[in-house]
Amino acid sequence: MTAKMVKSRKVLVLGWDGATWDLLLGLIQKGYLPNLKRLVDNGTSCTLNSVHPPATAAAWASFATGKNPAKHSIFDFLKPRSSLARLSPISSKDILTETFYEVIARHGGKVVLINLPVSYPPRLASGDHIILTSIMTQGDNYVWPQEAKERFPILNQYEVAPNPRVRITGSIHEYVEEIRRLEAIRFKCAVELFREHRWNFFFYMISGTDWIQHRLYT
């Protein structure tokens, strides 16, 4: 990879959490998801093997590094520190190897990451990159750099997860509507950055399908 190659290309990655082919193919066959059907018919699709252990944090760290958990050191959302009895939440600082987006940045590419798990705190410090963090964010520092909110005011509305009160005390209908509200805001953020920010690599993940399945799918 050369700096010239990185700067002259654009790569878009869309993540769709919880949207397994076991569910999607059935919906496609019933006439739903016409756009996805076109992508499947005219492209390539397959089922990917997960990592060991098949846990969310481990899988996303492997996605970001191209390495297995034994090499990047992320196995779950909690990590033992001084002993197995002392666990604390992981962060991007616990990833021991270089991520692919750091490689892109090192070669001069501009990166946008939206809702990539284990991306807090951002490992990219330059203002050329914009990171909207995901679950495991500590506090409300969701937007990096903070100055991006001035250029793109919509980013002030960005959130990482549905309101927990609605999930616990609200009805299923209220919870689904809360997820739809949040995803609508995040989509607006993504569209704004996609159109107005100069980028070479753009990652955006939809989490709503996964949240809904945790509550409803059996």
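The legends below describe several close-up views of a predicted model. Residues are numbered from 1 along each chain as its sequence is written, and side-chain values rest on heavy atoms, with hydrogens and water left out. Because the model is predicted, local features need pLDDT of at least 70 and side-chain atom pairs count only at pLDDT 80 or more, whereas totals for chains, interfaces and linings use all residues.

**View 1. Helices α2 and α3 cross at roughly 105°.**
Two packed helices are described by the angle between their axes and the distance between the axes. Here the axes of α2 (residues 21–29) and α3 (residues 34–42) come within 10 Å, where axes are lines fitted to C-alpha atoms, for helices over the stretch in contact, and angles run from 0 to 180 degrees between N-to-C directions. Helices (H or I, at least four residues) and strands (E, at least two) are DSSP runs, numbered from the N terminus. W21, L24 and I28 of α2 meet L36, K37 and V40 of α3, contact meaning heavy atoms within 4.5 Å.

**View 2. W60 and F63 form an edge-to-face aromatic pair.**
A search of the whole structure finds 12 aromatic pairs; rings of Phe, Tyr and Trp (its six-membered ring) pair if their centres lie within 6.5 Å, with planes under 30 degrees apart counted as stacked, over 60 as edge-to-face and the rest as tilted. The rings of W60 and F63 lie 5.3 Å centre to centre, with 80° between the planes. Because W60 and F63 are 3 residues apart in helix α4 (residues 56–65), they are separated by about one helical turn. W60 is buried, with a relative accessible area of 16%, whereas F63 is partly exposed, with 33%; buried means under 20% relative accessible area, exposed over 50%, and partly exposed in between (1.4 Å probe, protein chains only). Ring pairs also link W60 and F63 with F100, Y101, F201 and F203 into a cluster.

**View 3. Two cis peptide bonds and two positive phi values occur in loops.**
Most residues other than glycine have a negative phi, and most peptide bonds are trans. The bond from H52 to P53 is cis, with omega near 0°, and P53 lies in the loop between α3 and α4. The bond from W144 to P145 is also cis, with omega near -10°, and P145 is found in the loop between β6 (143–144) and α7 (148–151). L33, in the loop between α2 and α3, has a positive phi of about 55° although it is not a glycine. V118, in the loop between β4 (111–114) and β5 (130–132), has a positive phi of about 60° and is likewise not a glycine. L33 counts as partly exposed at 25% relative accessibility, whereas V118 counts as buried at 6%.

**View 4. Helix α10 (residues 208–216) has the buried residues G208, W211 and Q213.**
What covers these buried residues includes α2, α9 (172–196) and β7 (201–206). I212, also in helix α10, counts as partly exposed at 25% relative accessibility. Leaving aside its neighbours within four places in sequence, I212 is in contact with V176, I179 and Y217. The C-alpha atoms of I212 and G18 are separated by 8.9 Å, although these residues are 194 residues apart along the chain.
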